[in-house]
Amino acid sequence: MTTTNLNATPAIHWEKIKVLIVDDQRSASTLLKSLLTPLGIKHIDLADTYDEAVRACRKTHYNVLITDYHLNQALNGSELICLLRSKRLLSSACGIMMISGDHSTEVILSTLSVQPDCFLSKPITNTTLKQKLTQTLKDSEIRQPVYHALEMQQTKRAIELCKQQLTQFGHNQKLSDLLLDLLVEEQAWQQLQPILIFLTAKHPSHKVAVVEAKVMAHEGHLEQAIQHLEALIERTPLCIEAFDLLVQYQQVSHRPFDALVTAKRAFQLTPSASHRALIVAQQAADLNQPDELLNAGRVLANHLPIIDISWIVRFAEFNAIFEQLYFSPRTNQSRRQLRQELKGIQLRAFSRLLPAQQPFLTTYGHIVRARFYLSENKPLKAKRRALIGLSYYFEKITKLPSVILIELLPILINLGEVLLISEVHQTLSLRDQFDGHSLQRIDALRSNTESANSIKKLALQLSEAKALIVSHPQQAMRLYDQILIRYPYSSDANLGYLDAYSRQGSTSAPQDQTLPQDQALPQDQELPLEQQQIRPYSRLRRQAISVMPLPADYEAWRSRIFDQLDNIPTKFSEPPVNSPCLLSIELAPNTETALNADVSNVARPEVIELAPVNPPQ
């Protein structure tokens with residue numbers, strides 16, 4: 001890699017350049033526009049808010065985006081860049097310029113995380129602006145062939161183009177760093193060696209030092225790599241990439257306390273980096289340090305990445321780590337304190353979210369509480385909590401993010417809610433991309449063949465019993481009675497039983513027995529159906545449907561049943577005909593391709609229409 005023909009940089013046609021300036025202070029953006037106009041730029045748009053920036057980028061293909069870091073809104077400049085990139089509204093050739101008068105460590109590191117072309121400190125002079133803009137446009141043009149190859153998933157081609165562009169136009173830090181990352185990704189260790197030697201001698205950088213540590217670790221010298229990174233951090237305490245890599249290597253070398261200390265230092269430097277909050281939380285959970293875990297959760301809640309649906313994924317990941325600590329051996333009082341702390345974290349997160357996102361968190365909070373109730377052997381409370389959370393979406397389950405549906409599914413399976421299981425399964429089966437956390441949950445569901453077979457059997461039994469309600473209510477009651485031994489809180493089974501009971505000509509309600517419903521009574525399957533006795537229907541079983549929110553069809557069925565029980569009519573209504581069919585259910589969508597993916601990486605955010613406000617309380 002030699003540096004030749006350094007003057008052969010692309011020419012800039014200023015009159016063709018299109019610029020978008022994003023700043024919540026219109027006076028500042030107007031001043032910046034006045035500095036750009038003398039350069040010959042004719043197309044300059046201004047945006048005061050992030051949503052105005054999104055609309056502008058949908059209409060126009062910009063060459064340069066200039067944004068202030070502090071936008072006085074839910075999103076800062078770095079998050080705006082991530083949002084525009086996630087929506088594919090910025091081309092790879094678009095130059096990114098960040099502006100701020102705030103020189104704090106957090107702002108600088110947050111800005112560097114999105115890899116802008118330059119960072120301009122306020123106040124900005126005409127000379128500095130022209131110089132930085134010119135360099136940004138030239139760098140964008142130089143790297144465009146490389147980025148185009150990456151968009152076409154041609155990694156090896158991108159590596160060769162990196163080398164060609166660096167040879168033709170001379171050293172470019174961003175392109176050089178990209179080349180090193182691509183070679184590590186491809187595990188092209190032999191190609192790395194001469195490039196590292198050249199860059200160390202001619203253009204030493206933090207990236208070069210970090211990659212040197214990766215080479216050491218690859219060659220089996222893990223302790224040497226750790227010492228190399230520790231020395232790098234000592235020299236450059238803001239090299240956040242070195243912190244991240246050091247945490248990994250300390251974990252591999254079984255130094256958990258050192259890994260936690262390093263992770264905390266990195267997290268303190270970048271509190272808005274949600275993935276680092278999760279690293280700290282996981283280390284704390286592994287070491288049984290609740291205070292560290294809860295502190296990471298509080299900071300995470302204050303900085304949730306709300307630019308897309310990934311915020312709920314991050315929150316679900318944190319809750320999974322929290323539950324690891326929560327369900328470890330500890331006193332009941334300790335668990336109560338942890339639940340209270342988690343509630344506070346959820347309230348922090350709620351205030352961080354946009355109004356359209358808040359109902360998702362409300363629903364998810366109910367699901368978490370339902371999971372706790374199940375662990376305490378309180379299925380009736382668990383069912384009510386889960387259905388309250390889901391009730392806002394009974395008629396629009398497809399609006400819910402996949403991670404919420406997948407977290408809900410084991411609870412519904414445990415309770416035997418086949419109608420909702422069917423709707424959730426159908427919704428998930430139509431989606432083809434899932435985040436890493438959801439993929440792990442799906443894998444666990446698919447491996448639980450006992451639950452899958454049990455739900456299939458339940459669906460078949462419910463279908464058989466419902467078919468007998470009108471013609472042979474006594475037989476239907478016996479079938480439902482068998483089902484209720486295994487699933488005493490199933491809405492389908494309880495509703496069907498009461499419907500069949502109401503057709504016996506009795507004017508009184510079912511007997512109010514107090515037999516504990518979680519005791520498994522002996523089954524009479526060896527006897528013919530007509531000889532099997534019907535067990536008393538208890539108050540607790542009636543509560544399984546009478547105090548619960550239910551989907552519209554089941555709500556109407558319940559009302560008709562209770563009316564039939566109180567006032568036996570001469571003509572009974574028919575049960576709902578749209579019985580759920582789960583005979584082919586796999587308890588999870590068809591994710592054979594997705595499960596082969598790297599679950600450590602979060603998939604592309606789902607395109608989900610956000611729900612309106614007014615969630616269930």
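Let's zoom in on the sheet: which residue in E4 does Ile 66 stand opposite?

Modeller: Ile 66 stands opposite Met 97 in E4. Let me build the sheet up around that pair, with some ground rules to begin with. This is a predicted model: local features need pLDDT of at least 70 and side-chain atom pairs count only at pLDDT 80 or more, while totals for chains, interfaces and linings use all residues. Residues are numbered from 1 along each chain as its sequence is written, and side-chain values use heavy atoms, with hydrogens and water left out.

Now the layout. The sheet is an open one made of five strands in the order E2-E1-E3-E4-E5, with parallel pairing. At its edges you find strand E2 (43-47) and strand E5 (118-121); each has a single partner strand, so one side of each is left without a neighbour in the sheet. On average, neighbouring strands here are turned by 20° against each other, ignoring direction. In general terms, strands of a sheet pair through backbone hydrogen bonds, either parallel or antiparallel.

Walk across the pairings with me. Strand E1 (residues 18-22) and strand E3 (residues 64-68) run parallel and are joined by four bridges. Val 22 has Thr 67 as its bridge partner in E3. On from there, E3 and E4 also run parallel, this time with five bridges between them. Four bridges then link E4 to E5 in the parallel sense, and Met 98 has Phe 119 as its bridge partner in E5.

What lies against the strands? Helix H1 (residues 26-36) lies across E1, E2, E3 and strand E4 (95-100), and runs at about 170° to E2. Helix H2 (residues 50-59) packs on the sheet too, touching E1 and E2, and its direction makes about 170° with that of E1. Those angles run from 0 to 180 degrees between N-to-C directions, using axes that are lines fitted to C-alpha atoms, for helices over the stretch in contact.

UniProt, in an unreviewed entry, places the feature "modified residue: 4-aspartylphosphate" at Asp 68; UniProt positions are given in the numbering used here, feature names are shortened, and annotations may be inferred rather than shown by experiment. Asp 68 counts as buried because its relative accessibility is 7%. Leaving aside neighbours within four places in sequence, Asp 68 is in contact (heavy atoms within 4.5 Å) with Val 22, Asp 23, Asp 24, Gly 77, Met 98, Ile 99, Ser 100 and Lys 122.

Searching the whole structure turns up nine aromatic pairs; rings of Phe, Tyr and Trp (its six-membered ring) pair if their centres lie within 6.5 Å, with planes under 30 degrees apart called stacked, over 60 edge-to-face and the rest tilted. One of them is the edge-to-face pair of Phe 315 and Tyr 364, 6.2 Å centre to centre with 80° between the planes. Phe 315 lies in helix H15 (residues 310-326) and Tyr 364 in helix H17 (residues 358-375), so the pair ties together parts that are 49 residues apart in sequence. Phe 315 counts as buried at 0% relative accessibility, and Tyr 364 is likewise buried at 0%.

Methods. Pairing = 2+ DSSP bridges. Helix = DSSP H or I, 4+ residues; strand = E, 2+ residues; numbered from the N terminus. Buried < 20%, exposed > 50% of the residue type's maximum accessible area, 1.4 Å probe, protein only.
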